[in-house]
Amino acid sequence: MKMAAINGTMIHYREDGDPDGAPLVFANSLGCDLRLWDQILPLLPKGLRIIRYDKRGHGLSDAPPAPYKMGQLVTDAEQLLDHLEVRDCLFVGLSIGGLIAQGLAVKRMDLVRAMVISNTAAKIGTADLWQQRIQAIEAGGVEALADSIMERWFPKAFRETPALHAWRNMLTRTPAQGYIGCSQAIAGTDFMTPTSGLRLPTLAIAGSEDGSTPPDLVRETADLIPGSKFHLIRGGGHLPCVDSPEEYARVLTGFLRETGHV
Ligand SMILES: O=C(O)CC1=CCC(=O)O1
């Protein structure tokens, strides 16, 4: 179990693959820990240095009291990569992880050589929407929103499988302070202008059944970055690395090859 003191918080991370390989870093979505990527890891090419971490308030990382700012979440990723002496990584961020990817690429081009922005946008939701969610969690805990979140995360067919319970448990075991803190960070983030200035190889991935960041929203963000690519996973939801792992891994592998990481 690997922990590091990062930006005043103990952050849990994990390294897999070849320690001397090209670095591939994953940042998870709201209410998920690094197990989000478990199914695609075995499907990726060998020889990569794969780094995953639990953002503050999630998984085995510490959950300091809310509020959190997006700048803190970006600095957490930055300091973790500096701690691990990573440069020139391919950074994959899903949903809030995709906001972290954009913020980190703007701040530290030496760390991020290419990025995958998955099921995300330069701005996710409205301040009102996030405030309503925060109030609901303050009143009833993460459990109060769990069923509606499952509907946004997963296509109907996936919601009828036993695996749904594991993902629901992962969500409801997220500390309320962690979920609220990250919701506040999302509510306060609009990366339209900074992301428009990015010039790096970028792949955007969307799911046709994504109830949180629908394909048009993801494409709008991809279009801010000249030369970016867009891939739609038909039948995929908000977490296509979970409901469509083979296609997700295939598309990511293609991008790893194009960008010279393998
Ligand atoms: O809970 C959702 O609607 C999905 C989501 C939004 C931001 C994020 O990271 O996940």
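Guide:
**Around the ligand**

The residues that surround the ligand are S29, L30, S95, I96, W130, R133, R152, W153, Y179, I186, S212 and H238; a residue is counted here if one of its heavy atoms lies within 4 Å of the ligand. The model is a predicted one, in which local features need pLDDT of at least 70 and side-chain atom pairs count only at pLDDT 80 or more, while totals for chains, interfaces and linings use all residues. Residues are numbered from 1 along each chain as its sequence is written, and side-chain values use heavy atoms, with hydrogens and water left out.

By class, six residues of this shell are nonpolar, four are polar and two are charged. In this scheme Ala, Val, Leu, Ile, Met, Phe, Trp, Tyr, Cys and Pro are nonpolar, Asp, Glu, Lys and Arg are charged, and the others, Gly among them, are polar. At least two shell residues come from each of the helices α3 (127–140), α4 (143–153) and α7 (176–187). Helices (H or I, at least four residues) and strands (E, at least two) are DSSP runs, numbered from the N terminus.

Polar contacts are pairs of N or O atoms within 3.5 Å; within protein, one must be able to donate a hydrogen and the other to accept it, and residues adjacent in sequence count only if both atoms are side-chain atoms. A polar side-chain atom of S212 is 2.7 Å from an oxygen atom of the ligand. For R152 the distance from a polar side-chain atom to a ligand oxygen is 3.0 Å, and for H238 such a distance is 3.4 Å. The ligand taken alone exposes 290 Å², and the protein buries 99% of that. Such areas come from the Shrake-Rupley method with a 1.4 Å probe; for residues, only the protein chains shown count as cover.

Now the chain as a whole. It has 11 helices and eight strands. Its radius of gyration, taken over C-alpha atoms, is 17 Å, close to the 18 Å that the globule rule (2.2 Å times the number of residues to the power 0.38) gives for 262 residues, so the chain is as compact as a globular protein of that length. The C-alpha atoms fill a box of roughly 50 × 40 × 35 Å along the principal axes. Of the 262 residues, 56% count as buried, where buried means under 20% relative accessible area, exposed over 50%, and partly exposed in between (1.4 Å probe, protein chains only).
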